Amino acid sequence: MNKYIGIILLFFILIGCKAPNLTIKKYREMDTLSNSAKTDVLKNIIEHNPKDMMAHYWFIRESSNDTIELEKQYKAWMKKYPKVAEIPYSLGNALSESDKYKSNLYLNKAVEINPHLIQGWKSLYLDAYMKSDSQLMEGYLSAGIKANPNNDELAYINTSSLKQVNDVEYRKQLLENFKKFSKQDKGANFLLLLAIASTTPEDKIKYFDLLKFSYDPEKNRTSSDGMIVYFNYLLNDNFNGAMKLVKEMNQLKIKFEHWDHLLYELEKIDSAKNLIYQKKGKEALNILQDVKFPLFVGSDHNIIFILKAKAIALAVNDKLAYDSLITFFVKKPSLTLFSELSVYNNRNKSVIMKDILTYINEHAIQASALTLKELTSKDSISLNTLKNNVVLLTYWFPGCGPCRDEFPYFESVLKKVKPGSVKYVAINIDPKQDSLVLPMVKLRGYSFIPLTETKYRNKGNLDNMGLAPFNFLITANGLIAFENFRIDAHNEEDLKLMIDILLSNEEVI
């Protein structure tokens with residue numbers, strides 16, 4: 001035996017008869033060893049503690065790509081340790097990409113040995129999720145929860161699966177699970193999701209406040225993050241409430257974000273509001289131009305755009321305020337900003353739409369060329385073939401939960417516009433998951449044109465920067481009108497408005 005292996009094993013023996021779980025620190029202490037030596041050490045660690053999940057993880061990573069030999073080793077361990085579920089579980093995960101059938105067999109074997117192995121149920125659920133097999137997803141969750149009725153992770157997954165099936169039931173389950181797990185950290189997750197999903201201002205405020213008082217934002221990261229969501233919700237419609245919240249957070253010793261910076265910027269806005277009230281538009285505009293929110297709350301909030309327009313109207317005239325709001329709208333489209341446009345120009349909705357479209361045609365840039373393989377026909381498709389249609393382009397991949405969450409809202413909007421007027425294109429950024437695309441499209445009835453990404457492609461100005469979901473709306477003459485927006489239940493009508501604008505005047509298009 002290699003002397004270094006002997007020294008490491010002796011170390012494990014000296015600190016206890018049974019080898020402790022491997023840690024990243026202990027693993028990195030093996031960096032001086034060759035890959036084969038590391039493999040031997042990890043193998044011996046597993047022999048002493050076959051339940052050590054991290055040792056299994058690194059053993060599989062350090063092993064060669066020979067899955068036949070890997071499976072042979074794990075079968076030997078399964079025979080030697082027939083009651084250790086971590087062994088078939090680790091092998092099942094290792095085979096998840098190379099052999100889905102065997103992977104599923106071993107994962108099922110793992111939960112059969114130990115129904116309390118939460119990772120096993122989660123992996124089985126994920127596999128069914130990737131296949132878009134709703135019946136199998138429900139079956140694994142039901143079995144997992146039955147065996148582990150007090151597990152917050154499975155309850156969380158089960159509740160999340162209701163999100164787009166039944167909104168009322170989803171909120172009901174969130175509340176029930178919050179009550180059930182209120183003494184655990186996961187209770188904060190349920191409460192935050194409930195606040196976000198609530199449909200009335202009263203309920204939102206009630207649950208956000210409950211989150212703040214039930215889970216100390218100084219100690220609970222979910223609660224701290226929730227206060228950021230709460231702030232963004234309050235800011236545009238309840239500035240005083242947002243200011244009060246920020247002052248409360250600023251008094252706490254939260255290490256995650258700089259609430260003092262945010263308070264400083266809000267005080268600028270408050271000063272600008274007072275100056276606007278005093279009809280001092282120029283002074284207010286000077287302050288507003290200097291407002292820069294910290295990254296943790298994002299930028300481009302409607303309140304800034306609206307106050308700037310008011311200041312411009314006072315300092316110059318309504319026409320310039322109207323034009324500035326159009327530029328703001330194109331940057332971050334919303335029904336709120338659209339309705340504000342009528343304040344400065346007594347025009348009806350259709351005329352305002354045409355004004356926005358004219359601005360887009362004069363200022364937007366031409367979308368870069370794009371030619372990719374279509375999964376339904378294996379033919380190539382380009383943006384040129386879609387000309388004379390508005391194009392909704394999204395980057396996604398089957399394993400992306402937020403991407404799949406967004407699809408139903410896209411479909412809902414497209415059903416409300418003129419049939420055939422919008423081409424819906426979805427680029428799968430992970431070609432390894434191409435085989436999962438068409439089954440999902442068929443099962444869910446999605447209408448997008450499925451394309452697969454080409455590695456190292458020059459994306460030009462249609463670059464998603466590796467992110468998903470990442471969306472573009474392109475005019476019928478190939479201009480990028482809107483980009484990097486997200487759609488959910490709360491802003492579905494914003495997407496409808498964006499598309500209506502691009503379809504508002506065929507002569508302009």
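Is Cys-400 buried or exposed, and at what relative accessibility?

Author: Cys-400 counts as buried, at 5% relative accessibility. Buried here means under 20% relative accessible area, exposed means over 50%, and partly exposed is in between, using a 1.4 Å probe and protein chains only. Before going on, a word on what you're looking at: this is a predicted model, where local features need pLDDT of at least 70 and side-chain atom pairs count only at pLDDT 80 or more, while totals for chains, interfaces and linings use all residues. Residues are numbered from 1 along each chain as its sequence is written, and side-chain values use heavy atoms, with hydrogens and water left out.

Cys-400 has a partner: a disulfide joins it to Cys-403, with 2.2 Å from S to S. The cut-off for calling a disulfide is a pair of cysteine sulfur atoms within 2.5 Å. A search of the whole structure turns up one disulfide. Cys-403 counts as buried too, at 1% relative accessibility. The torsion about the S-S bond of Cys-400 and Cys-403 is about 80 degrees, so the disulfide is right-handed.

Now for the surroundings. Strand E3 covers residues 390-396 and helix H22 covers residues 401-414; helices (H or I, at least four residues) and strands (E, at least two) are DSSP runs, numbered from the N terminus. E3, H22 and strand E4 (residues 422-428) make a right-handed β-α-β unit. Right-handed, for a crossover, means that with the strands pointing away from you, the path from the first strand over the helix to the second runs clockwise.

E3 is well covered: seven of its seven residues are buried, so the strand is largely enclosed by the rest of the structure. In a regular strand the side chains alternate between the two faces of the sheet. In E3, Val-390, Leu-392, Thr-394 and Trp-396 point one way, while Val-391, Leu-393 and Tyr-395 point the other way.

Strands pair if DSSP finds at least two bridges between them. With E4, E3 pairs in the parallel sense over seven bridges, and Val-390 stands opposite Val-422 there. With strand E6 (residues 470-474), E3 pairs in the antiparallel sense over five bridges. Leu-392 has Leu-473 as its bridge partner in E6, and Leu-393 stands opposite Phe-472.

E6 tells a related story: five of its five residues are buried, so this strand is largely enclosed by the rest of the structure. Phe-470, Phe-472 and Ile-474 point one way from E6, and Asn-471 and Leu-473 the other way. Three bridges join E6 to strand E7 (residues 480-483), and these two run antiparallel. Ile-480 is the bridge partner of Ile-474 in E7. The hairpin of E6 and E7 has five residues between the strands, and Gly-478 takes a positive phi near 85 degrees.

Keep an eye on Leu-473. The largest nonpolar core has 99 residues, and those with the most contacts inside it are Ile-356 and Leu-473. Such a core is a set of buried Ala, Val, Leu, Ile, Met, Phe, Trp, Tyr and Cys residues joined through side-chain atoms within 4.5 Å. Helix H18 (residues 302-315) gives the largest share of this core, nine residues. Leaving aside neighbours within four places in sequence, Leu-473 is in contact (heavy atoms within 4.5 Å) with residues including Val-390, Val-391, Leu-392, Ile-480 and Phe-485.

Most residues other than glycine have a negative phi, and most peptide bonds are trans. A cis peptide bond, with omega about -5 degrees, joins Ala-468 and Pro-469, and Pro-469 lies in the loop between strand E5 (449-452) and E6. Met-465 is in the loop between E5 and E6 as well; its phi is positive, about 55 degrees, although Met-465 is not a glycine. Asn-388, in the loop between strand E2 (380-382) and E3, has a positive phi near 75 degrees.
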